[in-house]
Every structure is written in structure tokens, then in C-alpha cells.
Amino acid sequence: MSSTTYTDAVVDRATRHRDGPRLLLSVDLHVLHEVSSPQAFTMLADRALPVRDPSRSVGIPDHVVSTVPRRTGSDDPRAQRMLDVFSTNLARTGIEEIPLDSADHGIVHVSVSESGRVLPGQVVVCGDSHTTTLGALGALAWGIGTSEVAHVLATQAVWTPVQPVVGLRVTGTPGPGAGAKDVVLRVCGELSPRWGVGRRIEWSGPYIDGTSMAERFTLCNMAAELGARSALIPPDETTWEYLAQRLTPERLAGARAATEELTRAVTAAPVAATVDVDGLAPQVSWGTNLSHVADVDGRVPTSVPDDQRRAFEAALAYAGLAPGQELSSVEVQHAFVGSCTNGRIEDLRAAAAVVAGHRVAPSVRAVVVPGSRRVAQQAQEEGIRDVLVGAGFLWREPGCSSCVAINGDTIPRGERCVSSSNRNFEGRQGAGAITHLASPATVAASAITGRLAHPGEVTR
Ligand SMILES: CC(C)[C@H](C(=O)O)[C@@H](O)C(=O)O
Ligand code: SF4
């Protein structure tokens, strides 16, 4: 018998039907948000199809919601209409909504993980590319398109191609001031943005074994930027400790028993790439895709392989940078701590640790948007909110906010934002806005200095 990876075992358990190169998998949890679901509900209504199992779906408004304190929805009538349609669709079909004022509210991927809705071995889908985040819990989780959302609503199952499972091994210990965000930026920089296309990734190696859950969420979140359908970390004691804080003892025991059964004969995925992050410096993206990554105390590259030259020049022109330019000379006007990549309590702690005792530079507008209400609440209780606000950060309500800037939290044209989010495409944070992706610690240090900065510049 050929060996089976953890991912294969999850796929096998969920398979309802096989049709040549395609599998029909049962969906354990379907997460919906207001942007990718309206047409799906319309498709269902047009064909008079009911939702097959509303109890296995949950809807959370996050992308277009205002983040202004005491918000109730959106100030923009079009966005408000989207929120209203979303609520109506959920109520009409009997799907639970986690509304803005719920203790469980947050960005979809943050909310469903911290409220204990996601378990190892589950198949989880959402009309959102960063659903890979939930692979941190050992779930097989990926983003689907709107017509697939309709299909899942109608059948509680999803078609997926048979795909190879590959190991992505990470070794070494990052250097001072560097963490999981720097690691995943480096991984994206070293492998191509298409490295994961057509593959299911299993993270492995000594670095991964030692990561916290917060770090795992960051890593799996950004695996979407490698083009992978899914990326996960098979469950270990770290996973179970996280779940123990969120599940009743009975549910926890049930989930553990099911996982033990599932994983009895699994073997590690064959390693397709190894990235060594020993001594890694904090990373920052300088261009317009995830291969444009460098040490924050380093320089923009001076040359690239010929086949990348055009993209390189276009990225430099868009970002207003020159080959060989020192990144620590690049001034920023905005600093954003938030998103499903780095909007968790650990991320806010990391930012607060850097800014404590310092002031945000007068030339910078620095904003914290917690990933969820729980994160916001905990930050308040721990005094982290006070540290950040005391240093000059603006404090907002949870949501996607400037990560994708479709809720009004737009970065103006020509202005530069150092951001703890995950995408740096042209116009991602607003038409003509320039994005530098970094860790929360680097965002915090840059907010203080007014230019891209190594956290050590501020803390040492
Ligand atoms: C709006 C949504 C469909 C989109 C996604 O799929 O990822 C967004 O979350 C993003 O990060 O670009
Ligand atoms: S925070 Fe950003 S990456 Fe995450 S779901 Fe929202 S828009 Fe997408």
C-alpha cells in the first residue's frame, strides 16, 4: 500500500464520490462573508434550491464594514446595502450570522478559529482566498469561487481536483526581531508566487514544530500567496492546547479521538522545498508581488533574472524606488496593524512591545484594527490598547479595513503604507497606494521612525 499523508487521510475521509481527476468532498464547515456570497444566494433562489444543511454554515460580515468606533454597519449606502442583503440571505436560509456586536465577531478566518468552530481533520471552505489560514488547525481549508459557494450551499459538498501533497520544510531559528511573518515573507520571496499552484502544502521541519498557533495562522494564511489550494500543519500538542481553551472537554476528547483514528497510519509528505531561516533578518516587501521581498535593513535588489526584468522595472516604477536603494531610507505615511494575517492578540502585543515609551512620528498615520472583538477586548484588558493609543496609534473596530480597502479605509494615491497584511498588488490598499508588507513589530518600528525600520532600531 502506498503511504498516506495527513492531508490525503483528510481527503479520503471526506470523499463522497470520485469522478476521474475530481473528488466530491463533504464540507464540514462553510464560512460566508458579505462580498463573495450575494450572487451565490441569488443562484440558489433562481433555481428554487434550498440550503442543504444551514447548521454547517456560518456568516460573518467583515470586508466592507466600517471600523470607526461605535459603528453599526457602514456609512456608505452601497456597502450598507450589501450588509443588509447578507443578513437577509442568512436569516432567510436559517444560517447563523455572527453580527458586529457579537462577542465572536471578527474577520472570518480569525472569528471561526478563535471561537472553536474549526477542528483538525475538517473540510472547511469559504469564498475567500485566505481560508488557507485555518490549515493552522489541521483543517483542510481553502478558498472557493462564488459559483462554488452556491454549490456548497445546495449540496454541502465541493468538487476539488486530485492534487499532490508536498512538504514545505522550514529549518533554523530567525534572528532578533524576526518571527513567523518574516519567515513566510522569506518563503514567498525564495519560492515563486506560483510554487504552490496545483499542490496541497504540508508545512514541516524543526522551525514549524516550535511555532505557536498565532505563528501558524500567519504561515498558513500567506501560503495562499504561493498559489496553493490548501496548506496545513498536522495537529500536535500546540494545536490541542489551543483547542482546549475553546472546546468543552467532551468536544475536545471527541476531536482528539477522531484525529487519532484518522492519523494512525499517516506519514510525512515528501519534501518539495526546504527554506532555511537561520538568523533571518526582519523582512519587508518592496514591490508589487510576493517575490519582491528583502531584509528591512537591506536594499532593493540591483538586478533580477532576465525573465523577471519587466515586472521588476514596473514594480520599481509603481513603488517609486530605485535599484539598490536602502530600504531604511524609505519614508512611510501610513502604518497598519491588522488583517487575518497579523491581527491577533500576539501581533498587537508584538507591536506594543516595540512602541512602548515611544511616539508615532508626526508624519505617520498609524492605525490598529484588531482581527476580532475578542482580540480587542483582550488588548484592552492587558493594557496593550493603552500602550498603542498612548503612542499615537488610532484604535478601530475589527474588520478587514485597509488590508483590502473596500470599506473606506483607503490609503491615498502616491502614499506609502507599511502594513501587517498579506498582499502588495498595485492598488491593493487604494488606487495608486504603495504597500510594504511586514511583521507587526516592523510596522510598529516604522510608525515610530517614519520610515521602514528594523524593530531593533527602536527597542535597542
Ligand atoms: C474579497 C475577497 C473575496 C478577497 C479574497 O478572496 O481573498 C479578499 O479577502 C482578499 O483578501 O483579497
Ligand atoms: S483581512 Fe484582508 S486578506 Fe484577510 S480576509 Fe480580509 S481582505 Fe482578505
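The domain assignment of the protein gives domain 1, residues 6-272, and domain 2, residues 283-459. The model is a predicted one, and every value in this report was computed from it. Taken over C-alpha atoms, the centres of domain 1 and domain 2 are separated by 24 Å, and 40 residues of domain 1 are in contact with 37 residues of domain 2. On the side of domain 1 that touches domain 2, at least two residues are supplied by each of α4 (108-114), α6 and α8 (213-223), and the largest share, six residues, comes from α6. By residue class, this side of domain 1 divides into 15 nonpolar, 17 polar and eight charged residues.

Ligand 2 also brings the two domains into one description, since its shell draws at least three residues from each of domain 1 (6-272) and domain 2 (283-459). The residues that surround ligand 2 are H63, I107, D128, H130, S339, C340, C400, C403, V404, S421 and N422. Five of the shell residues are nonpolar, five are polar and one is charged.

Helix α6, which gives the largest share of the side of domain 1 that touches domain 2, spans residues 180-190 and forms a right-handed β-α-β unit together with β9 and β10. The helix is mostly covered, with nine of its eleven residues buried; these are A180, K181, D182, V183, V184, L185, R186, V187 and C188.

What, then, surrounds the strand at the end of this unit? Strand β10 (residues 200-204) is largely enclosed by the rest of the structure, because five of its five residues are buried. In a regular strand the side chains alternate between the two faces of the sheet. In β10 both faces are covered, with R200, E202 and S204 buried on one side and I201 and W203 buried on the other. Strand β10 pairs in the parallel sense with β9 (residues 165-171) over five bridges, where V165 stands opposite R200, and also in the parallel sense with β11 (residues 230-232) over three bridges, where E202 stands opposite L232.

Strand β2 (residues 22-26) presents another arrangement, having a covered face made of L23 and L25 and an uncovered one made of R22, L24 and S26. Strand β2 pairs with β1 (residues 15-19) in the antiparallel sense over four bridges, and in the hairpin of β1 and β2, which has two residues between the strands, G20 takes a positive phi near 60°. Strand β2 pairs with β8 (residues 157-161) as well, again in the antiparallel sense, over five bridges.

A separate description applies to the open sheet of five strands, which run in the order β5-β4-β3-β6-β7 with parallel pairing. Its edge strands are β5 (96-97) and β7 (140-143), each of which pairs on one side only. Within this sheet, β3 (residues 29-32) and β6 (residues 123-126) pair over three bridges.

| Strand pair | Sense | Bridges | Residues opposite each other |
|---|---|---|---|
| β9 and β10 | parallel | five bridges | V165 and R200 |
| β10 and β11 | parallel | three bridges | E202 and L232 |
| β3 and β6 | parallel | three bridges | V31 and C126 |
| β1 and β2 | antiparallel | four bridges | T15 and L25 |

How values were computed. Residues are numbered from 1 along each chain as its sequence is written. Chains are lettered from A and ligands numbered from 1 in the order in which they are written. This is a predicted model: local features need pLDDT of at least 70, side-chain atom pairs count only at pLDDT 80 or more; totals for chains, interfaces and linings use all residues. A residue is near a molecule or strand if its C-beta atom, placed from the backbone, lies within 6 Å of it. Ala, Val, Leu, Ile, Met, Phe, Trp, Tyr, Cys and Pro count as nonpolar, Asp, Glu, Lys and Arg as charged, and the others, Gly among them, as polar. Domain bounds come from an automatic or database domain assignment. A residue is buried if 20 or more other C-beta atoms lie within 10 Å of its own, exposed if 12 or fewer, and partly exposed in between; C-beta atoms are placed from the backbone. Two strands pair if DSSP finds at least two bridges between them. A crossover is right-handed if, with the strands pointing away from the viewer, the path from the first strand over the helix to the second runs clockwise. Two residues are in contact if their C-beta atoms, placed from the backbone, lie within 7 Å.
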